Amino acid sequence: MEFLPLLGRILFAAIFVLAGPGHFSSERISHASDLGVPFTSVLVPLSGVIAFVGGLSVILGYQAKLGALLLVLFLVPVTFMMHQFWGISDPVQAQVQKVMFIKNISLLGGAILIAHFGSGPYSIKE
């Protein structure tokens, strides 16, 4: 049972570490631009760095509270700018975006918990 916090951190933050580098792709930048995100050539890669660094911090447990705050900083704008299910007329696409929105809200809850409680055992402490 003592390894559960480490496992939880890895499972929680893996999505950010794995997805972060994809924010440098022209397809991801173009998609964000199509959705009306401003300054995509700067903001999308920057969001990838924030997600990657925040996720790695949480996984390692090094400055995990700060890393979790980075994930909050990433999740809030991404959730509300990229997953606007309420404005999509195609019911299938609206449902997909609603699921993505709710997933991000759940991840936001996890990031807030880590920002408050920290990383737990098996961490590289500050």
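Reader: Where is Gln63 found?

Author: Gln63 is found in the loop between α3 and α4, the latter spanning 64-82. Bear in mind that this is a predicted model.

Reader: What makes the phi of Gln63 worth a remark?

Author: The phi of Gln63 is positive, about 50°, although Gln63 is not a glycine.

Reader: Why is Gln63 called partly exposed?

Author: Its relative accessibility is 29%. Buried means under 20% and exposed means over 50%. The value for Gln63 falls in between, so Gln63 counts as partly exposed.

Reader: Which phi value does Tyr122 have, and where is Tyr122 found?

Author: The phi of Tyr122 is near 60°, a positive value in a residue other than glycine. Tyr122 is found in the segment after α5, a helix that covers 91-117.

Reader: How do you know whether Tyr122 is buried, partly exposed or exposed?

Author: Tyr122 has a relative accessible area of 38%.

Reader: Why are α1 and α3 called roughly antiparallel?

Author: Helix α1 (residues 4-19) and helix α3 (residues 40-60) pack at an angle of about 170°. Angles over 145 degrees count as roughly antiparallel. The two helices are therefore roughly antiparallel to each other. Their axes are 8 Å apart.

Reader: Which residues make the contact of α1 with α3?

Author: From α1 the contact includes Leu6, Arg9, Ile10, Phe12 and Phe16. From α3 the contact includes Phe52, Gly55, Leu56 and Ile59. By class, the contact has 13 nonpolar, 1 polar and 1 charged residues.

Reader: What makes Phe80 and Phe101 an edge-to-face pair?

Author: The structure holds 7 aromatic pairs. In the pair of Phe80 and Phe101, the rings are 5.2 Å centre to centre, with 85° between the planes. Rings pair if their centres lie within 6.5 Å, and planes over 60 degrees apart count as edge-to-face. Phe80 lies in helix α4 and Phe101 in helix α5, so the pair ties together parts 21 residues apart in sequence.

Reader: Why is the pair of Trp86 and Phe101 called edge-to-face?

Author: The planes of Trp86 and Phe101 are 90° apart, with 5.6 Å centre to centre. Trp86 is in the loop between α4 and α5, and Phe101 is in helix α5, 15 residues apart. Ring pairs link Phe80, Phe85, Trp86 and Phe101 into a cluster.

Reader: Which residues touch the most other members of the largest nonpolar core?

Author: That core has 25 residues, and those touching the most other members are Phe12, Phe16, Val58, Leu71, Phe74, Leu75 and Ile114. The elements giving two or more residues are α1, α2, α3, α4 and α5. The largest share, 8 residues, comes from α4.

Reader: What is Leu75 in contact with, leaving aside neighbours within four places in sequence?

Author: Leu75 is in contact with Phe16, Asn104, Leu107 and Leu108.

Terms used. Residues numbered from 1 in each chain as written. Predicted model: local features only at pLDDT ≥ 70, side-chain atom pairs only at ≥ 80, totals over all residues. Heavy atoms only, no water. Axes fitted to C-alpha atoms, helices over the stretch in contact; angles between N-to-C directions. Helix = DSSP H or I, 4+ residues; strand = E, 2+ residues; numbered from the N terminus. Parallel < 35°, antiparallel > 145°, perpendicular 65-115°, else oblique. Contact = heavy atoms within 4.5 Å. Nonpolar A, V, L, I, M, F, W, Y, C, P; charged D, E, K, R; others polar. Buried < 20%, exposed > 50% of the residue type's maximum accessible area, 1.4 Å probe, protein only. Phe/Tyr/Trp six-rings, centres within 6.5 Å; stacked < 30°, edge-to-face > 60°. Core = buried A, V, L, I, M, F, W, Y, C linked by side-chain atoms within 4.5 Å.
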